[in-house]
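The sequence and structure are shown first.

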Amino acid sequence: MKDTTQGYVAEDGRHIGGVMMEMKNITLRFGGVVAITDVSFDIREGEIRAIIGPNGAGKSSMLNVINGFYHPQEGEVWFRGKKRPSMPPYEIAEQGIARTFQNIALFKGMTTIENVMTGRQLMMKKNFLWQLLRLGPALDEEVKHRRRCEEIIDFLEIQAIRNTPVGSLPYGLQKRVELARALAMEPKLLLLDEPMAGMNVEEKEDMSRFILDVNDQYGTTIALIEHDMSVVMDLADRVVVLDYGKQLADGTPDEVQKNQAVIDAYLGVEH
Amino acid sequence: MFYREAGQFKTSYKQYMQAFPIREDRIGIAIWLAIALFYVPFFGLPGLEYTFAMNAIMIPVVIFTITAIGLNILVGFTGQISLGTGAFMGVGAYACYKLTTYFPDVNIIIIILASGFVSAAVGAMFGLPSLRIKGFYLVVATLAAQFFLEWCFIRVEWLYNYNPSGAIEVPQREVFGLIVTGAAAEPATRYLMVLGFLILLTIIAGNLVRGRVGRGWMMIRDMDIAAELIGVRPLRTKLSAFAVSSYYCGVSGALMVFVWLGAAEVESFDVNHSFLYLFMVIFGGLGSITGSYMGAAFIWTFPILMKEMGKRLFDIDPIIMENVSLVAIGALIVFILIKEPHGLARLWQLVKQKLRIWPFAH
Amino acid sequence: MSGIFYDVLADPFLQMWQMPDFFIQVLWEGFVSGILYALIALGFVLIFKASGIFNFAQGIMVVFSGLTLVGLHALGVPAFVALIITLGVMYVLAYLVERLVLRNLVNQPDIILFMATIGLTNILIGGGQWIFGGETKSMITAELMIPTGSSVWEPGGGIVIFQHIDIAAALIAAMLIVGLALFFSKTKVGRALRAVADDHQASLSVGISLNQIWVITWFAAGIVALVAGIMWGARSDVSFSLQIIALKALPVLVLGGFTSVPGAIVGGLIIGIGEKLFEIYWGPLFGSGVEGWFAYVIALVFLLFRPQGLFGEKIIERV
Amino acid sequence: MLKKLITGALTAAVAITASINAAQAEDELFIPMLSYRTGPFAGGGIPFANGFHDYLEMLNARDGGIGGAKVVLEECETAYNAQKGVECYEATKGKGALVYNPLSTGITLQLIPKAPVDEIPVLSMGYGLSAAGVGETFPWTFTYPTSYWSQMSSILKYIDQNGGLKGKKIGFIYLDAGYGREPIPLLEQLAPEMGFELAMFPVAGKEMQAQSAQWLNVRKERPDWMIMWGWGAMNATAIKEAAKIRFPMDRFIGNWWSSAHADLVPVGETGKGYIGANFSGIGTDFPAIQDIIKYVVEAGNSQADPSTVGNVLYNRGVYNAVIVAEAISAAQKMTGKKSISGADMRMGLENFVLDQARLGELGLAGFTGDLKGDCVDHEGGGSVFFQQWNGSDFVKISDPIAPMADVVKPLLEEAAAAYKADKPEWQGQTCG
């Protein structure tokens, strides 16, 4: 495993920066059940990082630790060179971490454009008084963000469903709207929880393309959980493997694929 | 045929984001507004005796529409059930009474607007538990507010100026030389005053729900955990919903007593009234301002209509009709929840959608 | 300041000590009203457990069943026959609710179902008044052979009065609870009911449809309502204002948890006894008459510290 | 479906119009009847409404109306709800309403300010605002035959006459609302003057059927007498609870809204000895009541259960109707018109005389004490007597006991002045 502390050059030639987020010896318990045991890894600026593992490996719990929804009993989370204290999820969102959800968590009562606009909430600062007048600065702000959201909608090719209530959209499109919403937050770090679960091959290809484009065009750092090994191996720069809450391996896709423990625990089971 | 958006191109997002992007809708609203402003105050409702139309139908409907919009902000837009509406209206009414006793020379419109803030503060206070309590548990919290406030309205004699009858009796107040409260006020004056409040508060509610604040409410309603992870502060958002909602209820409560009833005891703010207002919101449509108009108008006029229909057409005893309309409203609530959980507003939308493509089937 | 501390922290306990017979009487009265609250709460729990529906109409079902019983008797139907017919009416009600309401609202959000039960409340109020009239009715206590006398116990010169009707209420409530417990644990239908609470699929494997389960639970809640109606009606009278008192079951549920039968009972007793003690010993500080909101405020405060109730499981939120 | 509904609604709207705008026929006396046969207090509202209705219908059937003009009654259901009260008022006032009997304190309070504007008098008989007894301040509102404060003073007098008041402890259990709280200022003023001790037991409106806490407190306080200001289901529950703590029933006095058959029949033997204040005769042994039975009840024109005719609240409804009828006929005599207006009605209400002689003519000899319409005194100088429950019926046990006018009058005037203080438009009002 090569030393990558100061950044490295990815296989496709992209330059990956220094450490953005570091998980140090994370242990997470629910009552008596241990979900994660002593897991440590880091995420670099501009990287596409994957967390994989069989069902119940603690992947989603890990993601929830990263975005502060769960607070680990032991271990530290370092973000951008500082130890992150335990803070409510909305403050973590303010730090520039956005995510999508395994079981889509869109706002069902709202349309696509409204859902995407929710990603801009944090950036809208005009106070209540302007809001209730909806004039001047408040309206300008609304228009400005609306424009940005329309760009994201164009980028993800979902213009046609702009004004459709999201509850009535097919699954694949809902996933895409959710990605749009996360992108609207202009995150530094984007967490994707099984972005391709339940999709057909074509949809998976589309989604992979979007993920690469996002990383490429906006330079967004991406951490994703995925079940589909082939997808992960194509997309990710580095992979961390969990099993039963424990860390089995961490490295490039090639390294991980050759790791005997991983083959035994995960690949061996799958194939 | 006449209801088309084809050919109406939007050249800016501002246009796109209008409350009523379709021209025919705007014309429709203008016609309604013209009727409400220029026809009703002078002629009442067609076919009804003027003061009956004004005092028993139009004025209360306008006031309850404000209540319904307020409650809808909480229940329909933010997803927090409240059974404390009656009491929050009471807070507005008692606050208005106290303020106008202390400042008899201040314009009553300003007093009413100010008393809404008292109600908003009380509402936000009782909204505090909503951070930890969700769903049906919150129902209990709002019932606690309802019953505790009812007790205060009786026990804190200061609230009704130690009046031995335990009621607040509205003093006469004038605005620009016109009597607006008390029995001597003309129905038209009173109607136009409450209508003015309604228009103002509708515009504000419309602005709020279409902007950042409203989106925050709906995010909490649709999926509170996701909302929080996106950066919505749950406490601030829920409290703002409680406060804004209670503000509307408070203003409508003050208007109800000052402009409509003229005097009120605690009975006018009891829990049964809270149910009535909830019915207006359910029936009109959760999360719809247009629906609040429809719901308030329907729930208020329906029993009156039933009573008169029964009496005039079939010679049925009004007592029976009273019970029949209770049953009918209950049944209609269940019916509309089964057929269209989003109420009359959604039905109206469907009709419009049909119109949009009429005369073609699809 | 010391005066307030004395009034709040010392004087009430001193009073309890000085008049022990009266204190016992207060506890007993609290116990009996607690039992009645628990009975109403039990109806809520049954329905909530089986279908996740928060049945706001439980309170009016208490009134409605009581009115039906009294109304039938007024028509000349013998008391026990009237009781059986009333049970039949409650079954028909359960069947109609399932058939016309629940079946059509499957998979709707909880809040919609809750609102539907508020609609149902309106139907029962209007219907009840229409059929039976709005007057207060007296319960046919003697005809149902419920004892009405009282016994006196004189501990150390004091006096404690036990109404036989209250003793009967406590016994009947206990029997009902034991009966329900046996029903749930010993019968096939009962076990299916418990299964459905955990997993809607599971009930199908027992060979009972979800629809039947709903009818049965609503009927069971109807029986509980009838018993509560009889007991409350015998203590005061049957009138529509009982419906608002029945709302007291809500704070009871908050304390006990929405899905726990023992919780409903313990919660009922806590509210019943706590409310009486507070009213008698601390109420005068507020000018008395605090029973209207005390239970709700206690529930509210309790919720802030333990949102899942006494017996509920801790809620772990997932995304 | 929708079409049908809309057509139906339109038809109804047209029908409403037609009826409201219908020109009032000659020689009719239109009297709106705001009653409540539904809602939490229906138990009291029903017999009262029946009595009121049946007496006036009897006059129509027997005498062809009053002074040759037929009485037209329109009943409007308020459910004891102030908001519905407004609706009923507005629906009927345009039809030439002569007088409103709101039958609810809440609705009375709303109508009091409207009365001078619309020139329709309000007769709140034995309820409403006590202060309205001051005719000079409230020229359009009448509280015949007497007010709550006067009643309370009579009750205290009764206690004084039956064992003395000095040094006694008086418990006051009341519905915790405007109605129940109204006599408190009087009690607080009289307690030191008459040398009795006072203990208060409020009962919240929605808790009125759960009074065990209040009665535990009664047991703790050990009052010598209990006085009750209750209504609806509160009354029977209170009597049962009193029996439970073995409070002596003949030391328990209910006001005139707390001692009706509706309250005591459910209690039966348990309530034996319970005393109540009343101002209208009990039973059917009056020629006028017999006429009601003959012309209305037996003719099938009454909603009343025949067994309830002659009950306390039924007869009180009759008495209310008698005052209305007497005022109408006084107004007819003064104006010389058959069909009168609201303003004429007020004149009638200020000038009728209902003494024993007149009561005899009406077939109601001994039904009640003397009552005289007056411009200044809108209480009319009536008084209450006391009745006792014998286990199955009420028995009159006292002659009318006049109120302590010297104590009550200043209180009434003070309250009236307070009411008027913030109403500039009321300053110039006066009676006559």
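Two residues are in contact if their C-beta atoms, placed from the backbone, lie within 7 Å. Helices (H or I, at least four residues) and strands (E, at least two) are DSSP runs, numbered from the N terminus.

This is a predicted model, in which local features need pLDDT of at least 70 and side-chain atom pairs count only at pLDDT 80 or more, while totals for chains, interfaces and linings use all residues. Residues are numbered from 1 along each chain as its sequence is written, and chains are lettered from A and ligands numbered from 1 in the order in which they are written.

**A helix pair in chain B**

Helices α11 (residues 271-284) and α12 (residues 289-313) of chain B pack with their axes 7 Å apart, at an angle of about 125 degrees. Axes are lines fitted to C-alpha atoms, for helices over the stretch in contact, and angles run from 0 to 180 degrees between N-to-C directions. Angles under 35 degrees count as roughly parallel, over 145 as roughly antiparallel, 65 to 115 as roughly perpendicular and the rest as oblique; α11(B) and α12(B) are therefore oblique to each other.

From α11(B), the residues B:Leu276, B:Phe279, B:Met280, B:Val281, B:Phe283 and B:Gly284 meet residues of α12(B), among them B:Gly291, B:Met294, B:Phe298 and B:Ile299. This contact comprises 10 nonpolar, four polar and no charged residues. Here Ala, Val, Leu, Ile, Met, Phe, Trp, Tyr, Cys and Pro count as nonpolar, Asp, Glu, Lys and Arg as charged, and the others, Gly among them, as polar.

B:Leu344 belongs to helix α14 (residues 343-357) of chain B. A residue is buried if 20 or more other C-beta atoms lie within 10 Å of its own, exposed if 12 or fewer, and partly exposed in between. B:Leu344 is buried because 22 other C-beta atoms lie within 10 Å. Not counting residues up to four places away in sequence, B:Leu344 touches residues including B:Phe283, B:Gly284, B:Gly291, B:Met294 and B:Phe298. Its C-alpha atom is separated by 9.5 Å from that of B:Leu286, 58 residues apart along the chain.

A nonpolar core is a set of buried Ala, Val, Leu, Ile, Met, Phe, Trp, Tyr and Cys residues joined through C-beta atoms within 7 Å. The largest such core has 454 residues, of which B:Val140, B:Ala144, B:Val194, B:Leu255, C:Ala38 and C:Ala41 touch the most other members. Helix α3 (residues 50-77) of chain B gives the most to this core, with 19 residues. Leaving aside neighbours within four places in sequence, B:Leu255 is in contact with B:Ile63, B:Ile112, B:Val194, B:Phe197 and B:Trp260.

In helix α11 (residues 249-256) of chain C, eight of eight residues are buried. They pack against α6 (136-155) of chain B, together with α2, α3 (58-74), α10, α12 and α13 of chain C. C:Gly257 follows α11(C) and has a positive phi, near 95 degrees.

**Contacts between chains**

Of the five pairs of chains in contact, chains B and D share the most contacts. That contact takes 43 residues from chain D and 36 residues from chain B. On the side of chain D that touches chain B, α1(D) gives the most, with 11 residues; by class, this side has 21 nonpolar, 10 polar and 12 charged residues.

Chain C has 27 residues in contact with 31 residues of chain D. The side of chain C that touches chain D takes the most from α2(C), with five residues, and divides into eight nonpolar, 13 polar and six charged residues. No contact joins chain A and chain D, whose closest C-alpha atoms lie 27 Å apart.
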